[in-house]
2 protein chains.
Amino acid sequence: MMSTNSEPSTRTIGVLGGMGPAAAADFARRIVDTTDANLDQEHLHVIVDNDPRVPDRTQALRGVGPSPVPCIAAMARRLEGAGAELLVMACNTAHAFYEEVAVAASVPLVDLIDAAARGVAAQVPGIRRVGLLATDGTLLSQVYERAFARQDVDVILPDAGAQVRLMETIYGAVKSGARDLGPARDTVLTLGQGLVDAGAQAILLACTELSVLAAQEPLCWPVPTFDAAQLGAEDVIRRAGGRVRGRET
Amino acid sequence: MMSTNSEPSTRTIGVLGGMGPAAAADFARRIVDTTDANLDQEHLHVIVDNDPRVPDRTQALRGVGPSPVPCIAAMARRLEGAGAELLVMACNTAHAFYEEVAVAASVPLVDLIDAAARGVAAQVPGIRRVGLLATDGTLLSQVYERAFARQDVDVILPDAGAQVRLMETIYGAVKSGARDLGPARDTVLTLGQGLVDAGAQAILLACTELSVLAAQEPLCWPVPTFDAAQLGAEDVIRRAGGRVRGRET
């Protein structure tokens, strides 16, 4: 229909959002910022569906809330209808439902968890232990344990008390849209340091709400720090036929 | 189909993006951040089409490039097909084509320019002169001059030399994705101060690329400063049936 795109072989990306509301906009922004392009017209075509009605993923995994799959699958169909040729869920926890969503979609669904685990392993050669900051739902589903096991990397988690504080930070500060995210940052920094003290050789921020926090000002520890949303965005760009800025030419 | 939304009377917002690539993600993020909501599920449903193939708006208005209207109209139809009930263009310059796009759409198209002019006039009672930082395309179309005339406000523009530097900043730094936007910020701050010195009683950032710049760190002058994207986002939230955070309850 239109033929002004300089990369005719690229695929339109559909971002399944609303988990939470800020995460999909942050993810779309990462795709733009990470694409190697000098002109507007050299960027990838991205369609974002930010449907806030998606039921809470952790609640569903705990068995105390409805499944998010019908709502996510409906988004996938809307995005495909609008032309998406490659889908990605801008939510780590939702990947507990990866298989169900992938089956409902008729175009490929990128696996953010696998992309993050491969990214960390590739960038820290010989790594044996990664510290994971994620929601209770993500921990319950053990998606990261399985993905890192394929890379021969063990996952170190916060202790129960620290994990409770992490969930409080994600839900009480980032998701509720607190104006001052300083205390949330301090909490996450302390929790990450605990993982470093416990032997983590890298830290992975594995919740797109933590990615939103890190996008405002980087979260840094004395070991390499990664963001699943960023590693996922890079994977999506490559799969869509784009060029990742600064890593390859 | 789904009925978990706590605000069943809200309308799904469709954001016409790709002008430039970062602007639509920034605009979507403003809608999330400006919506008064405590839970994910209280946010508005927003679908963003970030199609980078939209031809340059200023080039078209100068008569040296193709019209962006067919591409924007195609986005409008895709968004309507995906369920959008209210559309908005995340680009000030594109509003030169407002009538043509509105005719092509079968749902209402929010007028960002008018929302911005009304917002400035409402928040600075008695204002007579506003300083405008916008693209050459926006100036050529005189959309802001007409919108502010309806509010009895005169528009003050940079002189020709300053305007050339502004365009260089928008195209050479923000659109090209420069890592260090410090020099761009300094240029815009100097240009805005020139408008204040010339009698502007408020400054309006009237280009969504400048909004992207201001989102990283506020641009401030010794007069009230407004961002057309922010005023537009507030207008869109109200029209979609949402509540604007901090301004009304």
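The questions and answers below go through a predicted model with a chain A and a chain B.

Residues are numbered from 1 along each chain as its sequence is written, and chains are lettered from A, with ligands numbered from 1, in the order in which they are written. Because this is a predicted model, local features need pLDDT of at least 70 and side-chain atom pairs count only at pLDDT 80 or more, while totals for chains, interfaces and linings use all residues, and side-chain values use heavy atoms, with hydrogens and water left out.

Reader: What rotation superposes chain B on chain A?

Author: Two copies of a chain are related by a rotation about an axis and a shift along it. Here the superposition, made by least squares on the C-alpha atoms of residues with pLDDT of at least 70 in both copies, has an RMSD of 0.0 Å and 0.0 Å of shift along the axis, and its rotation is 180 degrees. The two copies are thus related as by a two-fold rotation axis.

Reader: How many residues of chain B are in contact with chain A, and what area do the two chains bury between them?

Author: With contact meaning heavy atoms within 4.5 Å, 43 residues of chain B touch 43 residues of chain A. Since 100% of the interface residues of chain B are also interface residues in chain A, the copies meet through the same surface. Buried area is the accessible area (1.4 Å probe) that two parts lose on being put together, summed over both; 53% of it lies here on carbon and sulfur atoms, and the total is about 3,800 Å².

Reader: Which element supplies the largest share of the side of chain B that touches chain A?

Author: Helices (H or I, at least four residues) and strands (E, at least two) are DSSP runs, numbered from the N terminus. The elements α1 (21–34), β2, α3 and α10 (208–216) of chain B each give at least two residues to the side that touches chain A. The largest share, six residues, comes from α1(B).

Reader: How many salt bridges does the rule find across the interface of chain B and chain A?

Author: A salt bridge is a side-chain nitrogen of Lys or Arg within 4 Å of a carboxyl oxygen of Asp or Glu, and the structure holds 26 of them over all chains. Across the interface of chain B and chain A, however, the number found is zero.

Reader: Is α3(B) largely enclosed by the rest of the structure or largely open, and what covers its buried residues?

Author: Helix α3 of chain B, residues 69–81, reaches 18 Å from its first C-alpha to its last. Buried means under 20% relative accessible area, exposed over 50%, and partly exposed in between (1.4 Å probe, protein chains only); 10 of the 13 residues of α3(B) are buried, so the helix is largely enclosed by the rest of the structure. Among these buried residues are V69(B), C71(B), I72(B) and R78(B). The covering parts include, in chain B, β1 (13–16), β2 (46–50), β3 (86–89) and α4 (98–104).

Key
Expected span 1.5 Å × (residues − 1).
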